[in-house]
Amino acid sequence: GVAYGDKYKMNILEGWELGANSKIYKTDTEGKCYIDFSEIKGTDENTSLQTYLDNIDQQNALLLDVIKQKGNNCDIKKEAATIGEYSGWHYTYKIIDSDGKVTHYAENYYFTVGTMIYSVNYACMNGIGYDESFSFASYVSTNFIYVD
């Protein structure tokens with residue numbers, strides 16, 4: 001199947017299903033593992049994608065401190081990325097507890113089209129549904145299409 005929104009379409013992979021708000025849920029994860037698309041905000045002279053990401057980077061620095069204080073390890077990666085014909089940024093979050101278990105995993109692609117900031121997101125809340133063999137980057141490059 002295919003999930004459609006106002007500005008995108010995403011192919012639904014085997015083992016995943018279409019849920020509310022055009023979110024795609026991994027089967028048997030009770031909605032804890034999903035892929036979705038978000039229209040974040042419009043840009044103007046005070047807000048650019050860079051300004052928005054600077055705020056995320058500041059929040060991530062605070063998040064890292066909190067996670068480390070709880071005795072967990074967190075790996076946050078940020079890299080330039082391409083989403084279809086649009087350039088943007090890719091963030092990866094992986095929180096691992098003291099037992100080595102993944103307790104949260106998420107990836108976000110941020111990009112702008114015209115004056116709007118968008119994101120394509122993948123999350124495994126509480127680590128539910130996390131599968132190292134699933135490449136969200138590959139999924140986005142072949143199954144997500146922004147529709148102008």
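N126 is partly exposed, with a relative accessibility of 48% (buried means under 20% relative accessible area, exposed over 50% and partly exposed in between, with a 1.4 Å probe and protein chains only). This residue sits in the loop between β9 and α2, where helices (H or I, at least four residues) and strands (E, at least two) are DSSP runs numbered from the N terminus. Although N126 is not a glycine, its phi is positive, at about 55°. The model described here is a predicted one, in which local features need pLDDT of at least 70 and side-chain atom pairs count only at pLDDT 80 or more, while totals for chains, interfaces and linings use all residues. Residues are numbered from 1 along each chain as its sequence is written, and side-chain values use heavy atoms, with hydrogens and water left out.

A positive phi also occurs at E30, a residue other than glycine, with a value near 50°. E30 is placed in the loop between β4 (24-26) and β5, and it counts as exposed at 79% relative accessibility.

Turning to charged pairs, the count of salt bridges comes to three, a salt bridge being a side-chain nitrogen of Lys or Arg within 4 Å of a carboxyl oxygen of Asp or Glu. One of them joins D57 and K78, whose closest N and O atoms are 2.8 Å apart. Because D57 belongs to helix α1 (residues 49-69) and K78 to strand β6 (residues 73-83), this pair ties together parts that are 21 residues apart in sequence. D57 is partly exposed, with a relative accessible area of 28%, and K78 is likewise partly exposed, at 33%.

Another salt bridge brings together the side chains of D75 and K77, at 3.7 Å from N to O. Here D75 is partly exposed, with a relative accessible area of 37%, and K77 is partly exposed with 46%. E132 and K94 also meet through their side chains in a salt bridge, at 3.4 Å from N to O. This pair links distant parts of the chain, since E132 is in the loop between β9 and α2 (136-143) and K94 is in strand β7, 38 residues apart. E132 counts as exposed, at 63% relative accessibility.

D97 is buried yet has no salt bridge, and the nearest side chain of opposite charge, K101, is 5.9 Å away (Lys and Arg count as positive and Asp and Glu as negative; His and the chain ends are not counted). A polar atom of the D97 side chain does lie 2.9 Å from the backbone nitrogen of D99. Leaving aside neighbours within four places in sequence, D97 is in contact (heavy atoms within 4.5 Å) with N72 and T103.

Finally, there is the open space in the model. The largest pocket has a volume of about 150 Å³; on a 1 Å grid over the protein atoms alone, a pocket is an open set of points where a 1.4 Å probe fits, with protein on both sides within 12 Å along at least five of seven lines, and lining residues have an atom within 4 Å of a point. Among the residues lining the largest pocket are Y34, D36, Y93, H104, N121 and M125. At least two lining residues each come from β5 (33-42), β8 and β9 (116-124). The most is given by β8, with four residues.

Note on methods
Polar contact = N/O pair within 3.5 Å; in protein donor to acceptor, adjacent residues only side chain to side chain. Points joined across faces, edges and corners; volume = space filled by probe spheres on them.
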